[in-house]
Amino acid sequence: MDKKLGRPRSEKTKTDILTASYDLLIENGFGAVTVEKIAERAEVSKATIYKWWTNKADVVMDGFLNATKVKLPIPNTGSTIDDMFIQVNNFVKFLMSREGNVITEIIAEGQFDPKLADVYRKAYFKPRRSISKQILERGISRRELREDLDIELTIDLIWGPVFYRLLITGEKLDDTFVTKLINYVLEGIKLNAQMS
């Protein structure tokens, strides 16, 4: 049998599984999703799911990433401050949606499920951190930021307050907050460079 003939069906099956896992996640939250329910919704066997994914966390995160990837573009305006504002503000707006609320649920579940925590760190947060790193590296190459900038610490300074408000205080996350945050961090870095 020609393997090429089986490929489109295989891709459609994968897409059906990812769609089913995402829909169930949005409808019921991570805790209520099971491989059995995904299989039932996608009209496939559990064995088919386990052929491509090792566990529930893998398939659910893949479904989530597949559905949301286009919503967080990488900005490149020519200005580090503008690019960081766009990245953080887009993410904050996303967090305020039902889809974004799922991130909070997944982080909470990850406190009790190390496999899930590992998956969301590698598949979701590390790529977003990488985007921030690209933005800051461009800022250094354009001489907007100091050459000896501690990029990893700067990323923590920017994203830490977002997740502190999201997960701890519940305080408002909006354009005003993001503008002040980005300006405080990046202007603070510039001031620090002038003093040293």
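Analyst: A residue counts as buried under 20% relative accessible area, as exposed over 50%, and as partly exposed in between. Please keep in mind that this is a predicted model. E171 has a relative accessible area of 43%, and is therefore partly exposed.

User: With which residue does E171 form a salt bridge?

Analyst: A salt bridge is a side-chain nitrogen of Lys or Arg within 4 Å of a carboxyl oxygen of Asp or Glu. E171 pairs in this way with R165, and their closest N and O atoms are 3.6 Å apart.

User: How many salt bridges does a search of the whole structure find?

Analyst: The search finds 13 salt bridges. One of them joins the side chains of R129 and E152, at 3.1 Å from N to O. This pair links distant parts of the chain, since R129 belongs to helix α7 and E152 to helix α8 (residues 151-169), 23 residues apart.

User: Are R129 and E152 buried, partly exposed or exposed?

Analyst: The relative accessible area of R129 is 28%, so R129 is partly exposed. E152 is likewise partly exposed, because its relative accessibility is 35%.

User: Which other residue forms a salt bridge with E152?

Analyst: E152 also forms a salt bridge with K133, where the closest N and O atoms are 3.9 Å apart. K133 lies in helix α7 and E152 in helix α8, so this pair ties together parts that are 19 residues apart in sequence. K133 has 33% relative accessibility and therefore counts as partly exposed. Salt bridges can also be read as a network: here R129, K133, E152 and D156 are linked in one.

User: Let us turn to helix packing. At what angle do the axes of α5 and α7 cross?

Analyst: The axes of helix α5 (residues 80-95) and helix α7 (residues 114-141) cross at roughly 160° and come within 8 Å. Angles over 145 degrees count as roughly antiparallel, and α5 and α7 are therefore roughly antiparallel to each other. Their crossing is left-handed.

User: Which residues make the contact between α5 and α7?

Analyst: From α5, the contact is made by T80, D83, M84, Q87, F91 and F94. From α7, the residues are Y124, F125, R128, I131, S132, I135, L136, R138 and G139.

User: How is this contact of α5 with α7 made up by class?

Analyst: The contact has eight nonpolar, four polar and three charged residues.

Notes:
Residues are numbered from 1 along each chain as its sequence is written. This is a predicted model: local features need pLDDT of at least 70, side-chain atom pairs count only at pLDDT 80 or more; totals for chains, interfaces and linings use all residues. Side-chain values use heavy atoms; hydrogens and water are left out. Axes are lines fitted to C-alpha atoms, for helices over the stretch in contact, and angles run from 0 to 180 degrees between N-to-C directions. Helices (H or I, at least four residues) and strands (E, at least two) are DSSP runs, numbered from the N terminus. Angles under 35 degrees count as roughly parallel, over 145 as roughly antiparallel, 65 to 115 as roughly perpendicular and the rest as oblique. A crossing is left-handed if the near helix is turned anticlockwise from the far one by less than a right angle, and right-handed if clockwise. Contact means heavy atoms within 4.5 Å. Ala, Val, Leu, Ile, Met, Phe, Trp, Tyr, Cys and Pro count as nonpolar, Asp, Glu, Lys and Arg as charged, and the others, Gly among them, as polar. Buried means under 20% relative accessible area, exposed over 50%, partly exposed in between (1.4 Å probe, protein chains only).
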